[in-house]
Amino acid sequence: MQQEVCVLLTSMAAKLDGAENGHLVFLVNNYDLVLTVFVERHLPRTAIAGFEDLLREQVGLFVENQLMRHYPDLVQYVKTTEPLVADVDEAAGRGSGQPAPPPRVDVAKMEQVVRNFKQNWKRETDRIHQYVMVSFTNFSNGMEILKQVLTQLLLYYTRLQKVIRKAFPQQSPAFAHELVSNTTILAEIKQYSRSF
């Protein structure tokens, strides 16, 4: 029966592909509703576990989808550049006098990502907040999803900062002063969490 319910929900969600994340929102809301009913009915853990996994999977997809929609340059740059600097040892780079970033690291794109983030991060974070507010029927679930999106955003931004440090171990590039501090981002995350 669980398998049939999942097939039905998936086929219904497929009809919503035109809307922004409509299919993901539909699945998250419905898996959450099923879990709420199961918990209220005190069903055994074995009955609940499958839907918890499905919910967790769809929330993960939603989180990544939101970040790709609102911060595509950041996400793509981090994913493509991390492997290029993965073998760089920051401490050894400082001592060896490595003057330039490793080959194939696009410094112009790095600078563009830093500047775009500084200019747009608050506006885009607010858009995510508003979208989550109207999309999820269970407010506590919506709050948790919002926290996951914002936490994942902070993780991508921290990874960008690490890429910059590895690419420039001797001295930070001139545009590094434009980086938004992690403390500022954390303060914003806390503010959104309280206002949900």
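These are my notebook entries on a predicted model of one protein chain.

**Ground rules.** I number residues from 1 along each chain as its sequence is written.

**Confidence.** I checked pLDDT (the predictor's confidence in each residue, from 0 to 100). The chain averages 90, and 91% of the residues score at least 70. Helix α4 (residues 72-85) comes out highest at 97, while helix α5 (residues 90-96) is lowest at a mean of 60. Helices here are DSSP runs of H or I, at least four residues, numbered from the N terminus.

Next I looked up the largest pocket, which holds about 200 Å³ of space. A pocket is an open set of points on a 1 Å grid over the protein atoms alone, where a 1.4 Å probe fits, with protein on both sides within 12 Å along at least five of seven lines; lining residues have an atom within 4 Å of a point. The volume is the space filled by probe spheres set on the points. Of its 13 lining residues, Leu55, Val59, Asn141, Glu144 and Gln148 are the closest to the centre. Helices α2 (22-40), α3 (45-70) and α7 (139-167) each give the lining at least two residues.

**Aromatic pairs.** I found 8 in the whole structure. Rings of Phe, Tyr and Trp (its six-membered ring) pair if their centres lie within 6.5 Å; planes under 30 degrees apart are stacked, over 60 edge-to-face, the rest tilted. Phe62 and Tyr131 are stacked, because their planes meet at 10°, with centres 6.2 Å apart. That pair joins helix α3 to helix α6 (residues 107-135) across 69 residues. Both Phe62 and Tyr131 are buried, where buried means under 20% relative accessible area, exposed over 50% and partly exposed in between (1.4 Å probe, protein chains only).

Phe117 and Tyr157 also stack, with centres 4.1 Å apart and planes at 20°. Here the link runs from helix α6 to helix α7, 40 residues apart. Phe117 is buried at 4%, and Tyr157 is buried at 0%. Ring pairs tie both into a cluster with Tyr71 and Trp121.

**Ser181.** I placed Ser181 in the loop between α7 and α8 (182-195). At 34% relative accessibility, Ser181 is partly exposed. Its C-alpha lies 9.9 Å from that of Lys118, 63 residues away in sequence.

Definitions and conventions: This is a predicted model: local features need pLDDT of at least 70, side-chain atom pairs count only at pLDDT 80 or more; totals for chains, interfaces and linings use all residues. Side-chain values use heavy atoms; hydrogens and water are left out.
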